[in-house]
Amino acid sequence: MRRTIRFTVNGDPVEVEVQPHWPLLRVLRDELELTGAKMGCGEGECGACTVLVDGKPINSCIYPVLEAEGKQVLTIEGLVSSENELHPIQQAFLDKAGVQCGFCTPGMIMSAKALLDMNPNPTEDEVRHALAGNFCRCTGYVQIVESVRHAAELLLKNAKQTGAGE
Amino acid sequence: MAEQFVGKSHPRFDAEKVTGKARFINDIKAPRMLYGKILYSKRPHARITHIDTSKAERLQGVRAVLTGFNTPDVRVGFLGDQIALKRDKVRQFRDEVAAVAAINEEIAEEALELIRVEYEDLPAVFDPIEAMKEGAPLIHEVDARGKPRRNNILPLPWKLEAGDVQKGRSESAFVVKDTFRTTWVHQVCMGTSGCIAEFDVNNNLQFISVTNVPFGGKDRLDMFLRNLGIRGSTRILTPYVGGSFGSKLDTDIYEFIAVLLAWKTKCPVKILFDRLEEFTASPPRQPIIGTVEQGCDKDGRLTFRVVEMILDNGAYTSWGATTPSVMMVPISTLYRVPNISFRATCVYTNNIYAQAMRGYGNPQATYVVEQSMDQLAVEAGIDPIEFRLINANEPNETSPMGLKITTCPMKECLEEVKTRLDWKKKQGKHDGHGVGVACFLHVGGGARVYRSDAQGLILKVDDEGKVTAITGGTDQGQGSETIIRQMVAEATGFRPQDVNIFQGDTEICPWDVGTHASRHAFMVGHAILMAGAQVRAKLLAMASTWMGQLISRNLQKKARQDPDFKIPDVDLSLLSNPENLDISNGQIFLKSDPDNKLLRLPVAQIVRSAHMVGTGRGEMIVAEAFYDPPNEMLNAEGKGNLSCCYTFGAHGVEVQVDQETGQVTILNYVAAHDVGRAINPMLVKGQIYGATIMGAGYGLTEEMQVNAGRVMNPNLLDYKLLTAKDKIPIDPVIVEPIEPSGPFGLKGIGEPACVPAAPAIANAVADAIGVRIKDLPLSPEKVLAAIKGKGR
């Protein structure tokens, strides 16, 4: 019954033996020991398991792992730079207290990353829309929204500096 | 000297959480670990006539199958009214009937399917009022001591009488009386419940637990081990906790079951709830039926208040049954009321049982009192805010319950609401657009619910110049990892980034009563001031021994290396008196010459010299504190100064009600809070935002639909949490009266904002539609029905 599938996680190619019915989250957490993505409900409701597949945010707890064949998967573990520096979105969540208990945070940051990759300067409503599938019980979302908008500023500033340097 | 770190919005320190490195219970595995699963009752009230586990036991990969028939009869819970695995009968759908440990989760689940349980149904009762009647089915035939029980009323006669209610009634020009209801709501922590239990060869239990009361949990598990006849003790380790909101105060039944499975198998056993179990088998906030009668004189001054509460306790008892002790606080003391009578009755039913949730009874009590306040204001013809201002609590007064109010900016908070909402223009129109207000008070300086309300703390300074704070407290997201660093830095003279924190291990950390009652910042703050002062004194004494010779040596070395360098003419003897020295940013310097770089040394160098001095003469820097605040346990009459200060505030809400759909939209929300002093204003706002949204959910959308004992919406699709899309424009107003009893002037802020949200929203909706809805939540269905039924 087992099948071998190949995909890329955080830039590294992987080959895993899986049961066809397994969701991606199970493979990430149990087979690849990438425990950053969390199981909050197992039903695609809470968003704690959000990772990016080919740049799009998905609920990995209900995403069939076979769908990932040949694709690029990005998890929270893939955001820290090779110099061990936090990604600006991660830094923004600390600076603006978008983190409390931290359980929703990896999923929240991945949804934010997907949004900012597509829309580098979102309005508050656009941020709220993009995070609508990520539940948080601690923050009331206000400081999460502030964190994402702060991250957008940091990223735009970085892009400008890089652009000016070229 | 102005404070350097306290009072600043320092960024959070918990980088592990943004990188995915933070290890929650979900992420922890142990070698040889087994997975435990629980079989729950299929009936709300039935005798268990037979359990057949033979097929489950034969399944490959199963290591243990336990039931009430093959485990010792050890009572657990606050009133000792249950055993972990039920044997005689089941009393609710969440009753644990059997448990399995297997090599993986799939096999454990398959094994549960193979267990056959035969039941003989008993008549059930789901309504607390029915359950109180004579002849109602008895949920418990005997109490924990085997004494027969005659009815379903718990032996917890919560009662508070103060003043003379009859006299107050006779002095009243206006009196209102009404009954309000609240429903079950769940804490819905994003991280579900879980634990790992493991015995060592000496029968000691290592228990990885998501508790926020590690030492209380240790006591309960130690007693469980003793009653099982196991000679060993418990060490509790606490990983990152994915939220609590009260849900992690008690030791829950699944935790005792994990211990039983670990003892049986001698392997580590993990039980981790899925979301369905979290909703159906973890205890939420209990519902109440609250009848309130109160009056005022012709000038609007409150004359008396009588409150009767009935709590649906469910089938067993956890902390939910003790929430009336906190309900007493607002019932007796929210506004100045001279004559009080309060009675609460907790009733066993075949429903799910309840424990604590953010506010601990205060949200229900304030919901009841604050709606009645609006009704009385209408009766007396006084504007609701003016009515509250007439009756507002004042600083330095003692309430009928014996609560000694210190600082109290309630009036200031009400004025903030009035101004920021433009109250006068908007109130009283009943045109679908309305405003509402509700105040609150809550314990702000701990609460003496046990004989100790203390927290222990150890500070040590190492020879890298770092301070480690070893604390018995826990963090479940509130930000203690940030404010502890700010306060330790302030108290000791280091920088926040030089402070490390160690917590979550009962074997190493000093004792603490638990992170509950919004007490953590208050207690740890005091302990930090006590231990921090010792650290400073010890460091300065150590520096006075070492600085002169170290600096002299440094100067001579510099002179040898640099022929142009002339040793300055400084009086190094000044350095040998600790009173001449001070510490800042981890550097020790001469007070009289603070900018002189030659007369300044890093703490690291001094501590290292003191460590390396030779046999028998070395020293280290460690200080400890055990802070127990000057608050009182309630006496037999329910009176006493429960907390050493109280926090106050007012929430004001502006709503628009859609007359066609009943949908309530919040247009403006002012949350004015007395916090004593904000150690970190950004994190204080985080508590206000989060608790307000939780309270708004209580008011508008959240409800565990419990039908004949069964939770009908045990998932995140049907249990309606507010999401990022539900934009509520909260304006948090931080009022800082600087509390004299608080460390750095602070008061607790963890729970308060959850308290007044629902009544403020209910009052705004009543103002908008001209009719009052008396039970939570204010769903569009109820609002629409209220609008349609208005003329009747």
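# A predicted two-chain model in questions

Q: F7(A): buried or exposed?
A: Residues under 20% relative accessible area count as buried, those over 50% as exposed, and those in between as partly exposed (1.4 Å probe, protein chains only). F7(A) has a relative accessible area of 3%. That value is under 20%, so F7(A) is buried.

Q: What kind of model is this?
A: Residues are numbered from 1 along each chain as its sequence is written, chains are lettered from A and ligands numbered from 1 in the order in which they are written, and side-chain values use heavy atoms, with hydrogens and water left out. Local features need pLDDT of at least 70, side-chain atom pairs count only at pLDDT 80 or more, totals for chains, interfaces and linings use all residues, and the model is predicted.

Q: In which strand is F7(A) found?
A: Helices (H or I, at least four residues) and strands (E, at least two) are DSSP runs, numbered from the N terminus. F7(A) touches L24(A) and V27(A), among others, not counting residues up to four places away in sequence. The strand that holds F7(A) is β1 of chain A.

Q: Which residues of α1(A) are buried?
A: Cover for the buried residues of α1(A) includes strands β1 (3-9) and β2 (12-18) of chain A. β3 (50-53), β4 (56-59) and β5 (72-74) of chain A also belong to that cover. The buried residues are L24(A), L25(A), V27(A), L28(A) and R29(A).

Q: How many residues of chain B are in contact with chain A?
A: Contact means heavy atoms within 4.5 Å. Chain A brings 47 residues to this interface. On the side of chain B, the number is 49.

Q: What area is buried between chain A and chain B?
A: Buried area is the accessible area (1.4 Å probe) that two parts lose on being put together, summed over both. Carbon and sulfur atoms give 59% of it here. The total is about 3,800 Å².

Q: How many salt bridges does the rule find across the interface of chain A and chain B?
A: A salt bridge is a side-chain nitrogen of Lys or Arg within 4 Å of a carboxyl oxygen of Asp or Glu. R29(A) and D27(B) meet in one, at 2.7 Å from N to O. Across the interface, the count is five.

Q: Which side chain of chain A makes a polar contact with the side chain of D27(B) at 3.0 Å?
A: A polar contact is a pair of N or O atoms within 3.5 Å; within protein, one must be able to donate a hydrogen and the other to accept it, and residues adjacent in sequence count only if both atoms are side-chain atoms. D27(B) sits in the loop between α1 and β1 of chain B. With a relative accessible area of 9%, D27(B) is buried. Its partner at 3.0 Å is K38(A).

Q: How many aromatic pairs does a search of the whole structure find?
A: Rings of Phe, Tyr and Trp (its six-membered ring) pair if their centres lie within 6.5 Å; planes under 30 degrees apart count as stacked, over 60 as edge-to-face and the rest as tilted. Over all chains, the number is eleven.

Q: Why does the pair of F103(A) and F24(B) count as edge-to-face?
A: The ring centres lie 5.2 Å apart. F103(A) is in the loop between α2 and α3 of chain A and F24(B) in the loop between α1 (15-19) and β1 (34-40) of chain B, so the pair joins two chains. F103(A) is buried at 0% relative accessible area, and F24(B) is buried at 2%. The pair is edge-to-face because its planes stand at 85°.

Q: Which residue joins F103(A) and F24(B) in a cluster?
A: Ring pairs link the members of this cluster. Besides F103(A) and F24(B), the member is Y240(B).

Q: How many residues apart are R608(B) and D463(B)?
A: Their side chains meet in a salt bridge at 2.7 Å, N to O. R608(B) is in helix α16 (residues 603-611) of chain B, and D463(B) is in the loop between β19 (455-461) and β20 (467-471). R608(B) is partly exposed at 42%, and D463(B) is partly exposed at 23%. The pair links distant parts of the chain, with a separation in residues of 145.
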